[in-house]
Each structure stands twice: as structure tokens, then as C-alpha cells.
Amino acid sequence: MAPTQHAQLESTTEIDAPPAEVWKLVSDLPRMARWSPQVVRSKVKGGQVRQGARFSNLNRRGPLFWPTNGKVVRFEPHRDLAFRIAENKTVWSFELEPLDGGTRTRVVQRRELPDGISQVSLVLTKYVLGGTEKFTGELREGMAQTLERIKAEVEAGPARAA
């Protein structure tokens, strides 16, 4: 197996807003389509994001669309949100760290692999998504883009303009 098949991915940004403001966005999974270049739509069963909440995504890459199902596995307001994707066993997370006495926030987005990646996901990546290295690169770029979009929205928010 190539090292990228089981590499944890990580992207970081710093946002000029306190963790509570950043949390409002990263914990709003239905809005993820606004920031992620891959997510088209997310729907949380029962409508509330919390520990154990389940949700479905519709993802897109060019002309390809595919659904995924997730479950929130960590939920610590203003600090940590993580969800496991059933189809590939990956865990995606947002970790928030207060900076400068809580006036700013470091956000780390990760793709964690506590149980590796499912064989079906590896096969689909190889034959449908252009290979592991290419797709992993796209995921890295997408994570950076997601964080930059979240940063721009938080920093331009109505509470920030006042």
C-alpha cells in the first residue's frame, strides 16, 4: 500500500474571531456545502448536530456524485467536532484552539484514520476517482479551501462588522 492510502490529512488556519463564533459555522453541518468543494448537500437526521447525530451527504467531483452517511463521534462545543463516514471508515474533524486570550482561533481540520480506509473506498478511489495520490491531493486542497472559506465568512460576519 502506498503511504498516502493511510495518511492522516491536516489543514490549519487562524481566524480573527473567538472560538464560539467559529464553532457556529463548523458545527453547522448542513452549511458545509457552502465551504467544501466536494460537499453538495448535507442533511442531519432530526435537525440537531450533537454527539451521536447521524447525517447524510451528497458529494461531487466533476460529473461524479456519491452519497455518504456520517455519525458525530466527538462533540465538545467550541473545541472539537468529529464525524465518522460509514462508507470509508474515515473520521473528519475540526479542532478549535483559542489564541490571544480567546479573541482569535486556530482551526485544524483533519481526516483521521483510526481504522484505516475501507477496501471498497480504496478500490473506488483507484478506479473511479483517478488514484489515491491524485484524490488525496484533491482532498488536501479541498481542506485548505474549506478553511479559507470558513475564515472569510466568520471574519466578514455581521458581528465582526460592528
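In what order do the 7 strands of the open sheet lie? Select them in this predicted model: the order is 1-7-6-5-4-3-2, and the pairing is antiparallel. The edge strands are strand 1 (9–15) and strand 2 (39–44), each of which pairs on one side only. From one strand to the next, the twist averages 20°.

Strand 2 pairs with strand 3 (residues 54–61) in the antiparallel sense, over 5 bridges. Select Val39 to find Asn59 of strand 3 opposite.

Helix 1 (residues 19–26) lies across strands 1, 4, 5, 6 and 7, and runs at about 165° to strand 6. Helix 3 (residues 132–156) lies across strands 1, 3, 6 and 7, at about 15° to strand 1.

Turn to the side chains. The whole structure holds 16 salt bridges. One of them joins Arg74 and Asp80, with the closest N and O atoms 2.6 Å apart. Arg74 is partly exposed at 29% relative accessibility, whereas Asp80 counts as buried at 14%.

Select Glu95 and Arg110 for another salt bridge, with the closest N and O atoms 3.1 Å apart. Glu95 belongs to strand 6 and Arg110 to strand 7, 15 residues apart. Glu95 counts as partly exposed because its relative accessibility is 31%; Arg110, at 17%, is buried.

Finish at Asp100 and Arg104, whose side chains meet in a salt bridge (3.2 Å, N to O). Asp100 is exposed, at 53% relative accessibility.

Terms used: Residues are numbered from 1 along each chain as its sequence is written. This is a predicted model: local features need pLDDT of at least 70, side-chain atom pairs count only at pLDDT 80 or more; totals for chains, interfaces and linings use all residues. Side-chain values use heavy atoms; hydrogens and water are left out. Two strands pair if DSSP finds at least two bridges between them. Helices (H or I, at least four residues) and strands (E, at least two) are DSSP runs, numbered from the N terminus. Axes are lines fitted to C-alpha atoms, for helices over the stretch in contact, and angles run from 0 to 180 degrees between N-to-C directions. Contact means heavy atoms within 4.5 Å. A salt bridge is a side-chain nitrogen of Lys or Arg within 4 Å of a carboxyl oxygen of Asp or Glu. Buried means under 20% relative accessible area, exposed over 50%, partly exposed in between (1.4 Å probe, protein chains only).
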